[in-house]
Amino acid sequence: MSYEKAKALLEKYKADSLSETEKALVEKWLFSYQNEGPNLSDDTIEGISKDVWEELQLKQVKTSVLWPRIAAAACLLFVLGVGLFFYLDKGNNSQVRLAEVVTGDISPGGNKAVLTLSNGERISLTDANKGELAKQPGILISKTSDGQLVYEVNGDEGHVAGEIRYNTVETPRGGQYQVNLPDGSRVWLNAATSLKFPLSFVNLHERKVELKGEAYFEVEKDEQRPFIVQSDKQAVRVLGTHFNVNSYADEQYAKTTLLEGSVKVWGLNASENNYRILVPNQQAQISSDRSSIRVVNVDVQAETAWKNGMFSFEDTPIENIMKQLSRWYDIDVVYKGNVEGKTVWGSITRYTEVSKVLSILERTGKIHFKVEGRRIIVSK
């Protein structure tokens with residue numbers, strides 16, 4: 001790609017005027033950077049980075065909210081070889097700061113997952129070459145060149161004699177993966193997540209999947225067969241929409257965040273009649289007892305930032321931040337002293353070494369870190 005074309009694409013990205021094809025290209029750059037690197041020459045990267053950095057230096061942002069276009073520009077800047085940004089002073093208006101990426105001791109996660117077939121066979125998606133991975137009755141499973149798992153239905157034999165057969169995709173800590181389900185729905189799995197689903201939805205009255213961890217769903221519409229996501233604490237029922245489910249076992253709430261369409265949410269210890277219907281920009285939070293539910297308005301871009309290669313914090317407690325870092329970098333976290341009440345605002349790329357992330361967090365003056373191998377010690 002030429003310098004002029006890359007720079008024009010960046011300008012359109014910041015102006016939120018990309019076509020779907022262009023947006024897909026930008027996202028592909030982001031998610032392939034860690035393992036493959038951007039398909040740009042060093043001279044092109046240096047030139048674009050310099051121009052955009054000069055422009056960003058002129059920008060002022062309000063620290064009470066995250067500005068999506070600056071976040072998007074900074075995200076793309078990292079893809080082009082520059083770095084990350086963070087809000088260092090919540091009390092006053094501040095400029096976006098950009099830090100040079102340096103080699104750290106713990107690398108970020110990447111596309112890693114294991115597929116377990118209904119017969120118990122396990123396939124490492126991390127190591128598998130692109131192309132056909134497996135054949136099951138009525139189903140062809142393949143891996144695309146950009147690392148997606150795709151199911152192609154060529155019959156109605158996904159289950160036999162009334163027995164539904166399931167496959168499971170699991171990401172480890174430090175992993176993520178995208179799965180295209182048999183009905184065409186797309187699912188992005190965050191780190192330490194598993195998704196169990198039928199080989200085929202043909203002849204089923206509902207499309208039910210089981211989730212542990214966090215995933216972003218883009219569900220194909222099918223009014224005859226509702227799509228249901230069941231996790232440990234809750235169930236989500238949709239006909240076709242975009243939403244995010246966070247249901248990690250170590251989180252206080254199971255959270256469903258709606259981006260478009262509508263979803264029906266209820267706790268597993270409550271009747272399905274005791275439900276809430278979400279509209280876009282709302283989040284349902286199910287309590288640990290799996291019965292009570294509350295609905296709040298949220299910044300959906302912040303809630304789904306992980307899918308776009310970012311960490312996004314909005315007055316986020318340090319403990320919650322460290323849970324995210326622990327899953328993505330596959331690290332252990334130890335607390336020394338009481339860090340309750342310490343919160344951080346800002347946004348930072350997931351595609352840099354953990355030492356750089358910790359360094360930026362420390363600049364807030366609220367927290368300190370010590371790295372011992374793969375263990376992070378957190379103190380005031």
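Among contacts in the protein chain between residues at least 6 apart in sequence, what percentage join residues at least 24 apart? The figure is 55%, where contact means heavy atoms within 4.5 Å. This is a predicted model, in which local features need pLDDT of at least 70, side-chain atom pairs count only at pLDDT 80 or more, and totals for chains, interfaces and linings use all residues. Residues are numbered from 1 along each chain as its sequence is written, and side-chain values use heavy atoms, with hydrogens and water left out.

The protein chain has seven helices and 30 strands; these are DSSP runs numbered from the N terminus, helices being H or I with at least four residues and strands E with at least two. Of its 380 residues, 51% are buried. Buried stands for under 20% relative accessible area, exposed for over 50%, and partly exposed for what lies in between, with a 1.4 Å probe and protein chains only. The accessible surface is about 17400 Å², and carbon and sulfur atoms account for 43% of that surface; such areas come from the Shrake-Rupley method with a 1.4 Å probe, and for residues only the protein chains shown count as cover.

A nonpolar core is a set of buried Ala, Val, Leu, Ile, Met, Phe, Trp, Tyr and Cys residues joined through side-chain atoms within 4.5 Å. The largest such core holds 42 residues, and Leu-149, Phe-217 and Phe-243 touch the most other members. Strand 17 (residues 207-218) gives the most to this core, with four residues. A second, separate core has 24 residues, among them Ile-318, Leu-325, Val-339 and Tyr-351.

Leaving aside neighbours within four places in sequence, Phe-217 has contacts that include Leu-195, Phe-227, Thr-241 and Phe-243. Thr-241 is in the loop between strand 19 (234-238) and strand 20 (242-247). Thr-241 counts as buried because its relative accessibility is 2%.

Asn-203 lies in the loop between strand 16 (193-198) and strand 17, and is exposed because its relative accessible area is 58%. Asp-315 belongs to strand 26 (residues 310-317) and, at 33% relative accessibility, counts as partly exposed.

Towards the end of the numbering, strand 29 (residues 368-372) and strand 30 (residues 375-379) run antiparallel, joined by five bridges; two strands pair if DSSP finds at least two bridges between them. Val-371 stands opposite Ile-376. The two strands form a hairpin with two residues between them, and Gly-373 in the turn has a positive phi of about 65°.
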